[in-house]
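Let's walk through a structure together, one feature at a time.

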Amino acid sequence: MIRSWASGRVLGVGAAFAAAIGAGFLLPQTASAATTCTAPPGTPAEVVQIDGDEACGASTDGTAEAWSYGERGVGFADARSAAQVVAAGFDGGVGAGESTSGRLFAIGVGAQALALGVLESPGTAVVAAGPQSQAYVGDADDPVLCEGTAAAAFELEAARGCVVLGDFRYFTPGAQTLPSPLP
């Protein structure tokens, strides 16, 4: 009973976090050229675009699909062995993802936001970071790291992850934290 209550609470907080990030996309923003990089399956590719304070990169081995987007931020996606990776950075944030045979979505929104996902086995991972936050998911053997005031990192099939939203902090059982690399 307690576990289902906690799971429902985490899903509710995760949904609120996703809604807050989504609302940020709907608010009026200044115009930007934005950069988009696409590397579809079929041929190995490395695509990089840099335009002022925004950049994107997409890399695949030809069997996978990578897509990234940078709007006043940086997005980088690296996909191998039939993986699908999507990464986006907005307003000074960085979204970066790397996967081998899995599905990964990473988004960084705001100054000093770093959403980094690494998935080295089949599975699905979602990583999101807001301003002055970072989130890292790792593979099945690596710990999870969420910091700051708006961060989430989940490896769904392994049921490992964390959510940080203001003073609220939740880590799934088995999710480890690392010492912060930030001063």
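This is a predicted model: local features need pLDDT of at least 70, side-chain atom pairs count only at pLDDT 80 or more; totals for chains, interfaces and linings use all residues.

Q: In what order do the strands form the open sheet?
A: Eight strands make up the open sheet, and the order is E1-E4-E6-E8-E10-E13-E14-E15, with mixed pairing. At the edges sit strand E1 (35–39) and strand E15 (168–171), each of which pairs on one side only. From one strand to the next, the twist averages 5°.

Q: How many bridges join E4 to E6, and how many does E4 share with E1?
A: Strand E4 (residues 65–71) and strand E6 (residues 84–90) run parallel and are joined by seven bridges. E1 and E4 pair over five bridges in the antiparallel sense.

Q: Is E4 mostly covered or mostly open?
A: E4 is mostly covered, with five of its seven residues buried. Tyr69 counts as buried because its relative accessibility is 18%, and the cut-off for buried is under 20%. Trp67, at 34% relative accessibility, counts as partly exposed.

Q: How should I read a pair of aromatic rings?
A: Two values describe such a pair: the distance of the centres and the angle of the planes. Here the count comes to two aromatic pairs. The rings of Trp67 and Tyr69 have centres 6.0 Å apart and planes at 5°, so this pair is stacked. For Tyr69 and Phe90 the centres are 5.4 Å apart and the planes at 45°, so that pair is tilted.

Q: Why does the pair of Tyr69 and Phe90 tie together parts that are apart in sequence?
A: Tyr69 lies in strand E4 and Phe90 in strand E6, so their pair ties together parts 21 residues apart in sequence. Both Tyr69 and Phe90 are buried. Ring pairs link Trp67, Tyr69 and Phe90 into a cluster.

Q: Which residues form a nonpolar patch on the surface?
A: Phe105, Val126 and Leu156 form this patch, with about 240 Å² of accessible area together. Leu156 is found in the loop between strand E13 (150–155) and strand E14 (160–165). With a relative accessible area of 46%, Leu156 is partly exposed.

Conventions. Residues are numbered from 1 along each chain as its sequence is written. Side-chain values use heavy atoms; hydrogens and water are left out. Two strands pair if DSSP finds at least two bridges between them. Helices (H or I, at least four residues) and strands (E, at least two) are DSSP runs, numbered from the N terminus. Axes are lines fitted to C-alpha atoms, for helices over the stretch in contact, and angles run from 0 to 180 degrees between N-to-C directions. Patches are made of residues with over 30% relative accessible area and no salt bridge: like charges are joined within 9 Å, nonpolar side chains (Val, Leu, Ile, Met, Phe, Trp, Tyr) within 5 Å. Accessible areas come from the Shrake-Rupley method with a 1.4 Å probe; for residues, only the protein chains shown count as cover. A salt bridge is a side-chain nitrogen of Lys or Arg within 4 Å of a carboxyl oxygen of Asp or Glu. Buried means under 20% relative accessible area, exposed over 50%, partly exposed in between (1.4 Å probe, protein chains only). Rings of Phe, Tyr and Trp (its six-membered ring) pair if their centres lie within 6.5 Å; planes under 30 degrees apart count as stacked, over 60 as edge-to-face and the rest as tilted.
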